[in-house]
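The interface comes before the individual residues.

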Amino acid sequence: MRNSANNTIKAQGKDMTVLELTVNNHPGVMSHICNLFSRRAYNVEGIVCIPIGKGETSRMWLQVNEEVKLEQIIKQVKKQEDVLEVERHDSGHEVFLRLASVV
Amino acid sequence: MQTMNGAQLIIKLLERQSIDKIAGIPGGANLPLYDALCESQTIRHILCRHEQGAGFLAQGIARATGGAGVCFATSGPGATNILTAIADAYLDSIPVVCITGQVPASLIGTDAFQEVDTYGMTIPITKHNYLVRKAEDLLHIIPRAFELALSGRPGPVLIDVPKDVQVAEVSFEKWPTPGSRQEQPPADMERLRAAADMINRAKRPVLCLGGGIIHAGASEEAKGLIERGSIPATMTLMGLGSLPADHYLSMGMLGMHAARSTNIALQDCDLFIAAGARFDDRATGKIVEFCPEANVIHMDIDPAEVSKLKAAHIGLVGDVKQTLGKLIPLITPNEREIWRNQIEVLQETYPMTSPEATVPDKPYGLILKVAELLDEDGFVATDVGKHQMWTAQVFPFNRPRQLLTSGGLGTMGFGLPAAIGASLAYPDKTVVLFTGDGSLQMNIQELATAVEQDLNVKIIVMNNNSLGLVRQQQNLFYQKQIFASDFQIDIDFAAIAKGFGMKAYNAEPGCDLDQLFEKVLGQPGPCLINIPIAKEEEVYPMVPPGASNSEMLGGCNAEQCK
């Protein structure tokens, strides 16, 4: 994960692509997703994860700072056994905007 | 209602998967599993001497049969030892199910005796992995693990089972359905038509067959496409055997140690069709200069491979057997005489071998002699190094799964246990292992397993008393500074094999190798032949690492190449 000064505004989520994932909720799922990003050298600026429904699944939002590799990243994320759904938000997501107001 | 403990449940579920062989080593954290295995009437346990051997043995079974191989290891060092074989299976997409013991759940995270984070360590080297938290979860995890290992792009799945889960009692009403390979659809028709159109318009197409052709059982369909369109075909290391070496349109292997003619032709092709191949750097050389003139069609079952390294003009995601089957009728027959002539001229100008290189005591000569003597249905395993590349270059592979070799990870020590696995899967066939003195020493303890199981494994040690490919790179690219790649002692491999109870021969210089091969291949049981090879015998042609495939060094008639 990388952070640079000129990305500060972007990192607050204004126009950075956000991937919204629905995943099986178990203790290893964060490891799986984070490991995928570090192993394949994809940059993630922010991660938010929270259980949904009865706790069987979780929702994850990944703020991804990669333009060229984005298609590749989505394909790799979709391959994960624990990933049930991937939604792409090219103009950012309000989760990060709201978080930015409390940090 | 069925009641049993977690370990017994695992064994029963493996029996229901029709698993009849498991390679492994017992230890503290998987003893309940072994206690349950002891009761099995249908599963034979193969006791290895190192967990890496067990992992490769399971791979040998999987590579030779196409079914899943199963291996067991205990926690801690057992698990870390088996990781290399799992990583190797991941890079070559081999279906292996590895079940490791773990310390009891209450001790996880306490740095208990023989505790490591097996789950965490295997995330990046498995297709999927599990840490089992409740014994009843095994009812869906075990079948799902097999389904995952075998379906789509195959790969290894690891299941880490804490000891308390192995002994916990579980009751259930109904057995789950065993996990099996789920068929995938072919690529969609619109893209197939576009691909056919691109192929029909191409003047100089090349088809590249990768390991995916073998995994999908698609070699007949590949041959169909090649022959209908008269499309010259090359193979990756993992694809060798998918088209018979003597087929009139075969150009053999591409890449770092390809025939000069093959790499030259690829530089000139106007369409590169990859089928179940993933543009590995050893195959493509410097990727931006690979097939510079060509359009690219990429067939793969894994969507993440398409355009990963080289942008595909047309991506055909789906089962390659069905995709090829649907593509063939759309191809207009075309003799492509000019292109084929061009390649034939190249092949005549730059042959792979020469009469001087094929005398019996030279590397190519002895490999070809063994090929001549080995039964049609025999298997060939290799380790990693010069002997592997020489074998890939000249052995006339004529069927899928005939060759077992470590491609992606390039693991020295792969060969012996993998050969044992293939031999266990097909005990009536002969398995020849070409290995080197460096590679053999990396899993030499498995000589004991070969003897104990009394298998038809014939080990041919091409002994140059060095780490040959490393030495070659130092010689070519590090100003001939040979360092840490020459061994300083001579090892008597025949004496060592005899120490394990194996028949063994040292081929003295000038001995009749043909006669020795005939004798060894004609008698049942394991055997080792140690053959001295000059250190100076290099593997040519060679593309320097990182260079374009057009920059080959050495090989027959290299001086004719501008």
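Q: How many residue pairs are in polar contact across the interface of chain B and chain A?
A: This is a predicted model, in which local features need pLDDT of at least 70, side-chain atom pairs count only at pLDDT 80 or more, and totals for chains, interfaces and linings use all residues. Residues are numbered from 1 along each chain as its sequence is written, chains are lettered from A and ligands numbered from 1 in the order in which they are written, and side-chain values use heavy atoms, with hydrogens and water left out. A polar contact is a pair of N or O atoms within 3.5 Å; within protein, one must be able to donate a hydrogen and the other to accept it, and residues adjacent in sequence count only if both atoms are side-chain atoms. With both residues at pLDDT 80 or more, the number of pairs found by this rule is 7.

Q: Which element gives the most residues to the side of chain B that touches chain A?
A: Two elements of chain B each give two or more residues to that side: strand 6 (128-131) and helix 6 (138-150). Helices (H or I, at least four residues) and strands (E, at least two) are DSSP runs, numbered from the N terminus. With 3 residues, the one that gives the most is strand 6 of chain B.

Q: What is the distance between the closest N and O atoms in the salt bridge of E81(A) with R144(B)?
A: A salt bridge is a side-chain nitrogen of Lys or Arg within 4 Å of a carboxyl oxygen of Asp or Glu. Between chain B and chain A there are 2 salt bridges. For E81(A) and R144(B), the closest N and O atoms are separated by 2.7 Å.

Q: Is T236(B) buried or exposed?
A: T236(B) sits in the loop between strand 10 (233-235) and strand 11 (250-253) of chain B. Buried means under 20% relative accessible area, exposed over 50%, and partly exposed in between (1.4 Å probe, protein chains only). Because its relative accessibility is 13%, T236(B) counts as buried.

Q: How far apart are the C-alpha atoms of C48(B) and P417(B)?
A: C48(B) belongs to the loop between strand 3 (44-47) and helix 3 (51-65) of chain B. C48(B) is buried because its relative accessible area is 3%. Along the chain, C48(B) and P417(B) are 369 residues apart, while their C-alpha atoms are separated by 8.7 Å.
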